[in-house]
Amino acid sequence: MEVDNKRIGELVTEIQQGNMNAFGKLYETVSPRSFFVALQIVKNKQDAEDILQDSFISALEKINTIDNPESFVGWFNRIVANKSKDFLKKKKPMLFDEEEKQVFELIPDDDREFSPQENLNDKETRKIIFDAVNELSDEKRICVLLHYYENMSIADIAGKCD
């Protein structure tokens, strides 16, 4: 599902100008993808819904601090990821070890055209990767999701996941 950052930027600008009706439209546009981020991190639908709601409240309180409204999705998903991370920290402490940091080296970083056989292989590979990511600790899973699903740079993630 492609994100229409221009439309989202317009909604954010409307909210910044005081149009709270635009917030409902923004919520409908952004929430499915952001819910997926929270759900992949906390692994519980109810907790993910609670985190999403809490994240939208925080976003609304700070929406006037956004200089580039078209960057709302990345900004908001960092809020979701941080709130998810905080939720997990309350449940148990997490640490990275050197061996676990190598997971980033295992995921290929290239685009290619697929033939039908390669497409089938790709689906199998995605399932294997998805299963492997789900086996990671919560902290590592957050980092992988932010990089590969939300296209955050490794530098930005390093500041969030250390």
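Buried means under 20% relative accessible area, exposed over 50%, and partly exposed in between, with a 1.4 Å probe and protein chains only. By that cut-off Gly 9, at 5% relative accessibility, counts as buried. This is a predicted model, in which local features need pLDDT of at least 70, side-chain atom pairs count only at pLDDT 80 or more, and totals for chains, interfaces and linings use all residues. Residues are numbered from 1 along each chain as its sequence is written, and side-chain values use heavy atoms, with hydrogens and water left out.

- Not counting residues up to four places away in sequence, Val 30 touches (heavy atoms within 4.5 Å) Ile 8, Phe 56, Phe 72, Val 73 and Phe 76.

**Gly 9**
- Gly 9 sits in helix α1.
- Beyond four places in sequence, Gly 9 contacts Pro 69 and Glu 70.
- Ser 71 is 62 residues from Gly 9 in sequence, with a C-alpha to C-alpha separation of 7.3 Å.

**Ser 31**
- Ser 31 belongs to helix α2 and is buried, at 10% relative accessible area.
- A polar atom of the Ser 31 side chain lies 2.8 Å from the backbone oxygen of Tyr 27.
- Leaving aside neighbours within four places in sequence, Ser 31 contacts Leu 52 and Phe 56.

Conventions: Helix = DSSP H or I, 4+ residues; strand = E, 2+ residues; numbered from the N terminus. Polar contact = N/O pair within 3.5 Å; in protein donor to acceptor, adjacent residues only side chain to side chain.
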